[in-house]
Amino acid sequence: IDGPKKSYDKPELNELIISVKDDASIKHELDNLLNNGVHAIKLYYGLNKELTKKIVSYVNGRCPVIMHCGLTKALEAAHIGVDSIEHVMLSIHHDLVGTKLFETYEGIENKNYWKKVIQDWEDINLSSNKIKTFIAALADSKVGLCSTLSLLWLGYIGIDAARNDPLRNLIDTTFINKRDRLENIDIDLMPPLYNPIYSKKAVEKQLEFLNLFHSKGGLIVGGTDFGANYYPPAGYGLQKEISLLSLAIGEMEALKSVTSIAARLLNKGEKLGQLKPGYLADIVVLNNNPLLNINYIENIHSVYSNGKKVR
């Protein structure tokens with residue numbers, strides 16, 4: 001759900017995004033969604049604080065409310081009562097730089113916005129009292145924070161490593177036209193909206209932020225936002241996300257972020273996310289202990305879906 005002016009103006013996204021502007025449109029759209037059994041509602045970049053507050057109030061706990069922050073800051077969203085916040089890189093940014101600067105960035109569809117966000121993360125001083133106070137307040141709110149570090153996986157490992165990664169052969173190039181591929185041999189590795197190649201320092205700052213947030217008792221959930229980029233390819237981004245998260249919060253906490261904590265934040269903690277009697281047995285069995293080396297999560301022995309072996 002977005003504000004009156006949609007954050008994106010693309011045909012493939014317009015059918016996914018619902019715009020609201022007042023109490024009547026909020027009631028109409030939410031009634032339609034909730035009556036049709038949606039499992040969660042995502043609030044988007046173009047919603048201001050007042051509209052966010054009205055939506056959360058109307059949902060009233062009937063399903064999880066997740067927010068990609070923009071016009072509404074992360075701490076504002078947390079105090080309003082959203083269950084979790086998407087994207088460390090994007091949703092936390094407004095709080096870090098302040099409204100005055102943020103309002104000059106011209107919106108999420110502007111490529112310059114992404115460039116500035118990455119640069120701001122590189123420049124931010126996470127040891128400042130202002131940032132420490134913000135981190136502590138966000139952790140105290142008990143809002144979940146979705147990491148989506150893999151948005152910058154390419155920047156973290158470097159373009160040369162990505163070019164030689166066997167996973168590159170699994171990238172779906174259906175939507176990349178032949179002319180663009182001829183003009184840019186790395187287009188399959190590059191997201192459409194932003195350039196992550198020189199973003200390693202920004203990733204390291206985000207890892208530092210997550211470490212500080214976690215040390216204050218903050219809840220972290222792993223996620224990939226796959227679709228915003230081609231690489232890592234579908235099905236592998238979460239492995240890279242866990243690998244990066246382990247650098248910030250350790251192997252066990254990284255694994256919990258995509259199992260028990262993820263289930264808890266989706267109000268499914270009573271039947272998902274743990275190995276316990278009565279829980280849904282969606283299980284990946286590994287050949288080696290990932291607490292010794294987190295990359296062992298890629299060495300899969302077998303897979304079970306609802307208790308039945310499927311691989």
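Two strands count as paired if DSSP finds at least two bridges between them, and strands themselves are DSSP runs (E, at least two residues; helices are H or I, at least four), numbered from the N terminus. By that rule, S6 and strand S7 (residues 300-305) run antiparallel and are joined by four bridges. This is a predicted model, in which local features need pLDDT of at least 70 and side-chain atom pairs count only at pLDDT 80 or more, while totals for chains, interfaces and linings use all residues. Residues are numbered from 1 along each chain as its sequence is written, and side-chain values use heavy atoms, leaving out hydrogens and water.

**The sheet**
- The order S6-S7-S8 makes an open sheet of three strands with antiparallel pairing.
- Strand S6 (283-286) and strand S8 (308-309) are at the edges with a single partner strand each, so one side of each has no neighbour in the sheet.
- Ile300 in S7 is the bridge partner of Leu286.

**Helix H3**
- Leu51, Thr52, Ile55, Val56 and Val59 are the buried residues of helix H3 (residues 49-59), where buried means under 20% relative accessible area, exposed over 50%, and partly exposed in between (1.4 Å probe, protein chains only).
- After H3 comes Asn60, with a positive phi near 55 degrees.

**Salt bridges**
- The count comes to 10 salt bridges, each a side-chain nitrogen of Lys or Arg within 4 Å of a carboxyl oxygen of Asp or Glu.
- Asp23 and Lys54 form one of them (3.1 Å, N to O).
- Asp23 lies in helix H2 and Lys54 in helix H3, so this pair ties together parts 31 residues apart in sequence.
- Asp186 and Arg168 also meet in a salt bridge (3.5 Å, N to O), and both residues are buried.
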